[in-house]
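Please examine the sequence and the structure shown here before reading on.

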Amino acid sequence: MKSEVRDLRRRMYGALALTVYIGAILVANILSANIGLVPVGFGLLVSAGTYAAGFALLSRDFVHTYLGVRGVLAGITIGLALSWFLATPALAMASAVAFLVAEVADMLVFLWIRPRGFVRAALVSNCVSAPVDTVLFLWIAGFPLMFESIVGQMVGKILWATIVPLAFYVGVRAVARSRTFAQPEESDALT
């Protein structure tokens with residue numbers, strides 16, 4: 001019975017992660033297609049969809065954890081198919097190439113480091129895949145490859161869309177664990 005509940009919970013988390021992943025891909029491509037490059041401060045530029053793209057990198061690690069490589073590839077396929085119609089075909093193609101190459105880099109690093117913990121694996125794999133995704137996407141989509149746009153993308157993807165959400169995840173997980181351990185035993189609650 002416990003294994004059935006655990007499997008159901010895993011599938012539900014997987015479905016949620018896949019939905020977030022597809023949505024992040026779609027939002028990133030729509031924003032980039034319709035707005036282009038935007039300033040983020042300190043003289044840096046990012047494509048308008050950078051934060052969503054960075055969130056896609058992190059949500060991909062959750063999809064990978066719950067649904068495996070097939071789930072990730074399904075997410076990329078669905079997200080890019082929707083982007084083809086809702087953004088622009090050229091942007092969807094740039095996104096497809098960048099996501100697929102970055103996914104291979106991410107997956108290799110994530111699988112290698114995953115035994116040492118999810119957070120560490122997600123952080124390191126995103127630090128490897130974000131530059132790959134950034135350079136390929138900007139180049140293929142026709143955005144300028146300049147210091148300001150590349151560094152801006154790294155700040156958006158690694159700091160704001162990876163480190164901050166991972167810190168939030170760690171904090172929520174710590175609170176949940178502390179509450180679980182703080183619950184009185186059933187025998188204690190009855191006395």
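This is a predicted model: local features need pLDDT of at least 70, side-chain atom pairs count only at pLDDT 80 or more; totals for chains, interfaces and linings use all residues.

Residues are numbered from 1 along each chain as its sequence is written, and side-chain values use heavy atoms, with hydrogens and water left out.

The protein contains 6 helices and 2 strands; these are DSSP runs numbered from the N terminus, helices being H or I with at least four residues and strands E with at least two. Along the sequence, the elements follow the pattern α-β-β-α-α-α-α-α. Taken along the principal axes, the C-alpha atoms fill a box of roughly 70 × 35 × 30 Å. The accessible surface of the protein is about 10,500 Å², and 71% of that surface belongs to carbon and sulfur atoms; such areas come from the Shrake-Rupley method with a 1.4 Å probe, and for residues only the protein chains shown count as cover.

Of the 191 residues, 41% count as buried, a term for under 20% relative accessible area, with exposed meaning over 50% and partly exposed in between (1.4 Å probe, protein chains only). Among contacts with a separation of 6 or more, 72% come from residues 24 or more positions apart, where contact means heavy atoms within 4.5 Å.

Two packed helices are described by the angle between their axes and the distance between the axes. Here axes are lines fitted to C-alpha atoms, for helices over the stretch in contact, and angles run from 0 to 180 degrees between N-to-C directions. Helix α1 (residues 2-35) packs with helix α2 (residues 50-86) at an angle of about 40°, their axes being 6 Å apart. Therefore α1 is oblique to α2; angles under 35 degrees count as roughly parallel, over 145 as roughly antiparallel, 65 to 115 as roughly perpendicular and the rest as oblique. The residues of this contact divide into 27 nonpolar, 8 polar and 2 charged. Nonpolar covers Ala, Val, Leu, Ile, Met, Phe, Trp, Tyr, Cys and Pro, charged covers Asp, Glu, Lys and Arg, and the others, Gly among them, are polar.

R11 lies in helix α1 and is exposed, with a relative accessible area of 53%. R11 and L67 are 56 residues apart in sequence and 7.7 Å apart in space, C-alpha to C-alpha.

Helix α2 also packs with helix α3 (residues 89-113), at about 170° and with axes 9 Å apart, so α2 is roughly antiparallel to α3. This contact comprises 17 nonpolar, 4 polar and 4 charged residues.
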